[in-house]
Amino acid sequence: MTKQIELSGVNKYYGAFHALKNIELSIEKGRFVALVGPSGCGKSTLLRSLAGLESISTGDLKIAGELMNNVPPRKRDIAMVFQSYALYPHMTVEQNLTYSLRIRGVPKAQARKAAEEVAATTGLSQLLGRYPRELSGGQRQRVAMSRAIIRDPKAFLFDEPLSNLDAALRVHMRKEIRTLHDRLGATSVYVTHDQIEAMTMADHVVVMKDGVIEQQGAPLELYDRPANRFVAGFIGSPAMNFVPAMVGEDGRSLAVDVGEKQTIVLDRQLQPGRKVTAGLRPEHLHFVEPGQGVFRLPVGIVESTGSATYITTSTAAEVTIVETSRRPVRTGDIIDVSIRPADVHVFDDQTGLRI
Amino acid sequence: MSDTNRNRLMLVIALVMAAIYLFPLYWMFITALKSGSEMFATPPSFWPSEPQWGTYAFVWESRGMGRYLWNSLIIAFGSVTLITVLGVGCAYVLARYRNVWVDIGLFLILMLQVLPASLMITPIFVGFSQLGMLNYPRLAVIIAIAAKSMPFFVVLVRATFMAVPQELEEAALVDGNSRVGAFFNIVLPLARNGILVSAILIFMQAFGEFVYSKSIIQAVELQPASVGLNSFMGPNTNEWNNIMAYATIYVTPILAIFVLLQRRIVSGLTSGAIK
């Protein structure tokens with residue numbers, strides 16, 4: 001596979017502020033990569049650096065094998081979909097679509113034909129003569145997408161393109177973008193703060209925090225083996241439970257501190273007596289018959305959505321449990337809960353790294 | 001007090017205020033139509049008994065108003081062109097770059113606006129005379145007006161540019177345009193209304209400008225209408241109907257433009273304030 005985008009040792013400073021710290025990222029042709037993280041983590045800065053709207057301070061940035069550090073955006077041959085869509089308000093849909101072609105001197109008839117073709121695939125054929133202000137949010141989104149795909153760029157950059165849409169449309173557009181990506185065989189970089197978007201759309205997820213790549217890999221790899229506490233807490237919804245724990249004398253059990261000390265068996269050997277944090281995903285905790293569980297937990301809050309019941313315990317370190325069975329639970333009940341040893345994540349108390 | 005009553009009271013107050021504010025204008029229009037004796041009648045009449053329409057033609061001919069208005073137009077258009085060409089670029093830069101120097105620049109620009117023309121004319125006159133600019137008096141006035149009105153224009157147009165989202169420019173850059181191309185293709189068309197409105201306001205200011213023209217332009221045939229009106233009046237003036245007719249001819253076109261465009265002007269001035 002050829003590398004379409006390569007970043008090595010990339011740093012970005014705004015004055016004294018270190019926005020991107022030693023970024024190493026390589027994206028193969030045809031991949032869909034999601035950059036995800038809380039606001040201010042540097043994901044948008046990274047995307048804008050790829051587009052050439054920000055310049056990087058040190059390191060190498062290559063697109064299709066060519067060094068692009070000081071190349072202006074117009075010569076990078078990339079397309080970008082902005083959060084606000086950034087449609088030109090004084091141009092019709094057709095003029096918006098063909099703008100990049102007209103700048104490159106493509107003949108009018110040919111540009112028009114290209115616009116019609118793209119509009120046909122994105123369902124905009126009837127709207128070519130309209131102005132952006134006459135379109136709905138979803139239609140504007142489609143125009144922004146079409147404007148990007150009309151000229152077969154080296155890479156597509158998406159800057160939180162779905163955040164202005166309502167929930168139902170967002171789920172729909174998620175699929176549509178992914179389908180479009182697959183059909184075009186494009187290389188896409190997608191910035192989002194929504195981990196569900198990242199998990200569902202991408203082949204490769206990059207989790208960032210404070211300008212650092214915390215972990216990158218396939219979505220399920222991040223879910224199954226989070227490299228540190230931050231990634232563990234960020235990926236998955238509802239978020240992973242973290243409880244203080246200590247490795248037992250034998251090194252194969254954890255004394256977990258939820259209200260009272262309770263013991264879980266581990267499937268691996270750890271240093272006895274070590275203080276750690278145990279990570280337990282809400283969906284990995286299951287109800288069992290009394291006396292058979294690893295935990296006995298007092299129920300605090302019960303929220304039911306119909307498909308699942310969210311139970312928050314009234315222990316000092318709150319634990320959330322997602323239960324899909326309709327077993328009746330009430331506040332104040334004591335429930336027995338179990339977890340498979342393989343589903344227990346253990347993190348170092350000090351560094352937060354996975355053990 | 002009920003809502004309707006309060007609204008009525010507000011309307012009455014607004015009408016009274018408008019009447020007070022517009023009375024001089026009204027007085028100008030009717031005085032121009034009065035005959036010599038009616039002008040000085042006590043108590044004054046509020047409606048001319050025999051409108052003297054001939055006064056207009058007489059004043060236009062006898063004072064050579066065509067020439068005066070032509071000079072006013074040249075000065076106004078010259079100033080607007082100079083200010084627009086130079087000010088748009090300046091306003092754009094001040095809108096897009098934020099740092100300490102830009103803030104200092106903006107402060108200095110606003111300070112310039114504080115200095116009155118009557119204070120500035122002496123140094124400007126001396127400077128222009130040293131440079132030999134007084135040989136081109138209308139050009140000298142255009143430059144002086146441009147210097148005086150530029151800050152006003154820059155501040156207004158800067159607000160217009162700030163209302164154009166930066167993402168549009170970035171989209172144009174990614175789409176393959178250069179900085180300059182994006183400015184002319186995207187930013188300028190979107191800021192057009194604001195620039196137009198500011199230019200009209202500058203035009204009206206320059207069309208009525210007096211201090212610089214009076215001081216710099218000595219030759220009668222090069223003077224604008226404002227100076228012509230001034231020379232009409234002396235210590236023993238009694239031909240008020242002629243003066244008012246002159247004033248009417250002078251200001252009516254500007255008033256007409258303002259009334260026709262007032263909706264756009266007001267919306268232009270407040271655009272960006274709302275959204």
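In chain A, 40% of the 355 residues are buried, a residue being called buried if 20 or more other C-beta atoms, placed from the backbone, lie within 10 Å of its own. The model is a predicted one, in which local features need pLDDT of at least 70 and side-chain atom pairs count only at pLDDT 80 or more, while totals for chains, interfaces and linings use all residues. Residues are numbered from 1 along each chain as its sequence is written, with chains lettered from A and ligands numbered from 1 in the order in which they are written.

Chain A holds eight helices and 20 strands, taken as DSSP runs numbered from the N terminus (helices H or I, at least four residues; strands E, at least two). Its C-alpha atoms fill a box of roughly 75 × 45 × 35 Å along the principal axes. Of the contacts in chain A (C-beta atoms, placed from the backbone, within 7 Å) between residues at least 6 apart in sequence, 64% join residues at least 24 apart.

Where the chains meet, 17 residues of chain A contact 14 residues of chain B. Strand S6 (78-81) and helix H2 (93-103) of chain A each supply at least two residues of the chain A side.

Notes. Two residues are in contact if their C-beta atoms, placed from the backbone, lie within 7 Å. A residue is buried if 20 or more other C-beta atoms lie within 10 Å of its own, exposed if 12 or fewer, and partly exposed in between; C-beta atoms are placed from the backbone.
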